Amino acid sequence: MSKKRYTGNWESVNQHEVPKWYDDCKFGIFIHWGIYSVPAFAPHTWELGEVDSKEWFADNPYAEWYYNSLNIGKGPTYEHHIETYGKDFKYEDFIPMWKAENWNPAQWAELFKEAGAQYVVLTTKHHDGFCLYPSKYTDFNCVKMGPKKDITGELTKAVRDAGLRMGLYYSGLIDWQFANDPIYEDDDLFGTASPTFAYADYSYNQMMELVDNYEPSVFWNDIGWPKQSEEAMPYFLAHYYNKVEEGVVNDRFNDRYHDFLTKEYKSGKVDRTNKWEMCRGMGLSFGYNANEGDDKLISVPDLIALLVATVANNGNLLLNIGPKADGTIPEEQVKRLKILGAWLNVNGEGIYGTRCSDRESEILENGVELHYTQKDGNLNVFAVGLKEGENEFVIKGYRGELRPFEKAVEMETEACPDGLKVRIKNYREDFYTVGMTSAK
Ligand code: GLC
């Protein structure tokens, strides 16, 4: 069969479907790394979607928004900056301090693989406009300044060498090099954020450049697309899909287009009828926030529960890491990745390559959550929130058998009028979520 070609109109582009690899892979690593990783500061306030936008931007927990938080001219980041660096110290003065001197892309890729991730998405240009690749459209990039390395190129190679897929994030709508007015509320995102035709051209050129130079498996656009060049959107998408046959994009295209939907912390509406992706940092920030120690990050049990609940409801988890300026990944983040990897090593059969089950997630009276996936006619069941020692629950209406993925789990089952009674006799904390399958 010949390869499908797309033309630059909505009718053609709308025929694109979520590629199977993306639906199968379930778990990816998001990386936010940039100038903002030097000050690495934000208040530990709330999750996106928890407060209204005026409150949000004044006390922004996202460390990668440092430039904006500083320019708002009040609030915790501003105060921290004046105290630590003085009022004459500009955001750009952090650039030479970002040296990435201990960065080892092959080691990163190995860690992501060990974590059980199957794809990676790197910020090639965040809202501050600094490019993590040698763009021919600007010298404001990491080869000319700061690390003096082609971060995107080197990481793309390392990730692919490790057998994972590489995706690229691009801040499509916001670029503070083109508009200095701070963002105070959501309305500013489509207003003051990037008001010029010059920026519309620039961002279009850079997106095409990223597609042509790196052929990313995921093109992860952020916030939106400049209104001034909205008619070029289907041209870009057609070019991308023609160039990268397995390509897939998210939903931040001005509500005009998506392959998959996104949820970010508490923001975003998703359900099991559409493919979606959950993205979040381990704390409340994407960029590294030195303010968030181990006790401020999501716990391992909650992280595994999040993965399971996401996958059981048609999502992928894109879990973010925020590396330090020197290129090392904070140990509390590494720890979580490794434990997740060990859990997936045992339970991955019920995660990778699965689809939603007809059975919807449920919370039992004793607080235990059950999540289901299915693959090749097998049912997989995940029990979240078990207590130390013996636990008993019923899989309603289920007439088959089940066995645990983890061999150390001692489990008995018994057919009962309601379905299958499951007794787990020795639940231990380090099992986290117990996965079971009907596979022989
Ligand atoms: C947001 C934020 C941002 C983060 C991102 C990840 O829109 O502005 O800092 O990069 O989404 O989903």
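Predicted model: local features only at pLDDT ≥ 70, side-chain atom pairs only at ≥ 80, totals over all residues.
**Entry 1: two residues with positive phi**

I looked up isoleucine 223 and placed it in the loop between β4 (218–222) and α10 (233–243). Its phi is positive, about 65°, although isoleucine 223 is not a glycine. I wrote a reminder beside this value: most residues other than glycine have a negative phi. Is isoleucine 223 buried or partly exposed? At 22% relative accessibility it counts as partly exposed, because buried means under 20% and exposed means over 50%, with partly exposed in between.

I then turned to alanine 100, which sits in the loop between α5 (76–85) and α6 (105–114). Alanine 100 is not a glycine either, yet it has a positive phi of about 50°.

I found phenylalanine 94 in the loop between α5 and α6, and with a relative accessibility of 0% it counts as buried. When I checked it against valine 38, I found the two to be 56 residues apart in sequence and 6.4 Å apart in space, C-alpha to C-alpha.

Tryptophan 65 belongs to the loop between α3 and α4 (66–71). Its relative accessible area is 5%, so I marked tryptophan 65 as buried. I recorded a separation of 9.5 Å between the C-alpha atoms of tryptophan 65 and phenylalanine 286, which are 221 residues apart along the chain.

**Entry 2: aspartate 358**

I located aspartate 358 in the loop between β9 (355–356) and β10 (362–363), where it counts as exposed at 79% relative accessibility. For this residue I noted the distance to asparagine 289: the two are 69 residues apart along the chain, and their C-alpha atoms are separated by 40 Å.

**Entry 3: salt bridges**

How many salt bridges does the structure hold? I noted a total of 25. As background, I wrote down that side chains of opposite charge can pair when their charged atoms come close.

I looked at the pair of glutamate 47 and lysine 266, whose side chains meet in a salt bridge at 3.2 Å, N to O. This pair links distant parts of the chain, with glutamate 47 in the loop between β1 and α3 and lysine 266 in the loop between β6 (261–264) and β7 (276–280), 219 residues apart.

I next took arginine 336 and aspartate 294, which meet through their side chains in a salt bridge (2.8 Å, N to O). Here too the pair links distant parts of the chain: arginine 336 is in helix α12 (residues 331–347), aspartate 294 is in the loop between β7 and α11 (300–312), and they are 42 residues apart. Arginine 336 counts as buried at 5% relative accessibility, while aspartate 294, with a relative accessible area of 35%, is partly exposed.

I then followed glutamate 412 to arginine 423, and found a salt bridge with its closest N and O atoms 2.8 Å apart. Glutamate 412 lies in strand β15 (residues 411–416) and arginine 423 in strand β16 (residues 419–427), so this pair ties together parts that are 11 residues apart in sequence. I noted glutamate 412 as partly exposed, with a relative accessible area of 35%.

I also listed a network of salt bridges that links Lys20, Asp23, Asp24, Lys26, Lys275 and Arg355.

Which residues gather in a patch of negative charge on the surface? I wrote down Asp52, Glu55, Asp186 and Asp187. Of these I looked up aspartate 52, which is placed in the loop between β1 (27–31) and α3 (53–58) and is partly exposed, with a relative accessible area of 48%.

I ended with aspartate 188, found in helix α8 (residues 186–190). Aspartate 188 is buried yet has no salt bridge, and the nearest side chain of opposite charge, lysine 54, is 9.0 Å away. What does the side chain of aspartate 188 reach? I found the backbone nitrogen of tyrosine 184, at 2.8 Å.

Key:
Residues numbered from 1 in each chain as written. Heavy atoms only, no water. Patch = residues over 30% accessible without salt bridge, like charges linked within 9 Å, V, L, I, M, F, W, Y side chains within 5 Å. Areas by Shrake-Rupley, 256 points an atom, 1.4 Å probe, with all protein chains shown as cover. Salt bridge = Lys/Arg side-chain N within 4 Å of Asp/Glu carboxyl O. Lys, Arg positive; Asp, Glu negative; His and termini not counted. Charge placed at Lys NZ, Arg CZ, Asp CG, Glu CD. Helix = DSSP H or I, 4+ residues; strand = E, 2+ residues; numbered from the N terminus. Buried < 20%, exposed > 50% of the residue type's maximum accessible area, 1.4 Å probe, protein only. Polar contact = N/O pair within 3.5 Å; in protein donor to acceptor, adjacent residues only side chain to side chain.
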